Amino acid sequence: MLPPLAENRARELTVQFTDMIRKALGDTPAARAEEPLKLAITTFRCDLCECSGRTMNMHWPEIVGHNCFMDRLSLGSDSYTNHLINFLDGRPRIDQLHLDEAKLDEFLFVDSTGIRAAREVISICGFDPDTATPKELDECGVRLRCRFCARISEQEIFDWQSAV
């Protein structure tokens, strides 16, 4: 019984996050991609965390494992599923809410600043921001240096994701 529950919830979350990112990307080739959540420019941030720097530029499916998300997530759209999951999980959820888009927008956001920065960094790395995936960028080996932060004696080198 649990595998179908997990599969259903995974589909629901994929649809919800895909809708969020398509709206944020607007009229771009990335928004029309078959799976926009798999693109490197797709970034989310959480406004609930005290240390927001740590929770910026989260990608799919990493965002689903984020603590603020998990603590507010009701794992199913029916009360039986919620009770079953909570029983098996062994800990109560902070809010027993079904994660509809309105609630999701209260604390998780598509990071539009991150998307703009990612577009620029991905282009500098020689990739098309509307099609590049995190895996492609991770494997390319490109490293970047910030001209504004660097000092002669100290220069920090970034991979694509750190540069964003």
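Which residues of α5 are buried? Some notes on that, and on the core and its aromatic rings, follow.

1. Before anything else: this is a predicted model, so read it with its cut-offs, namely pLDDT of at least 70 for local features and 80 or more for side-chain atom pairs, while totals for chains, interfaces and linings use all residues. Residues are numbered from 1 along each chain as its sequence is written, and side-chain values use heavy atoms, with hydrogens and water left out.

2. To the opening question: Gly114, Ile115, Ala118, Val121 and Ile122 are the buried residues of α5. Buried here is under 20% relative accessible area, exposed is over 50%, and partly exposed is in between (1.4 Å probe, protein chains only).

3. Helices (H or I, at least four residues) and strands (E, at least two) are DSSP runs, numbered from the N terminus. Just after α5, have a look at Gly126, with its positive phi of about 90°.

4. Now the largest nonpolar core, with 28 residues: Phe17, Leu25, Ile41, Phe44, Ile122 and Leu137 touch the most other members. Two or more residues come from each of α1 (2–25), β1 (44–46) and α5, and α1 has the largest share, 5 residues. A nonpolar core is a set of buried Ala, Val, Leu, Ile, Met, Phe, Trp, Tyr and Cys residues joined through side-chain atoms within 4.5 Å.

5. There are 2 aromatic pairs in the structure. Rings of Phe, Tyr and Trp (its six-membered ring) pair if their centres lie within 6.5 Å; planes under 30 degrees apart are stacked, over 60 edge-to-face, and the rest tilted. Phe17 and Phe44 pair edge-to-face, at 5.2 Å centre to centre and 85° between the planes. Phe17 is in helix α1 and Phe44 in strand β1, so this pair ties together parts 27 residues apart in sequence. Phe17 is buried at 0% relative accessible area, and Phe44 counts as buried at 0% as well.

6. Phe17 also pairs with Trp60, this time tilted: 5.3 Å centre to centre, 50° between the planes. Trp60 lies in the loop between β1 and α2 (67–71) and Phe17 in helix α1, so the pair ties together parts 43 residues apart in sequence. Phe17, Phe44 and Trp60 make one aromatic cluster.
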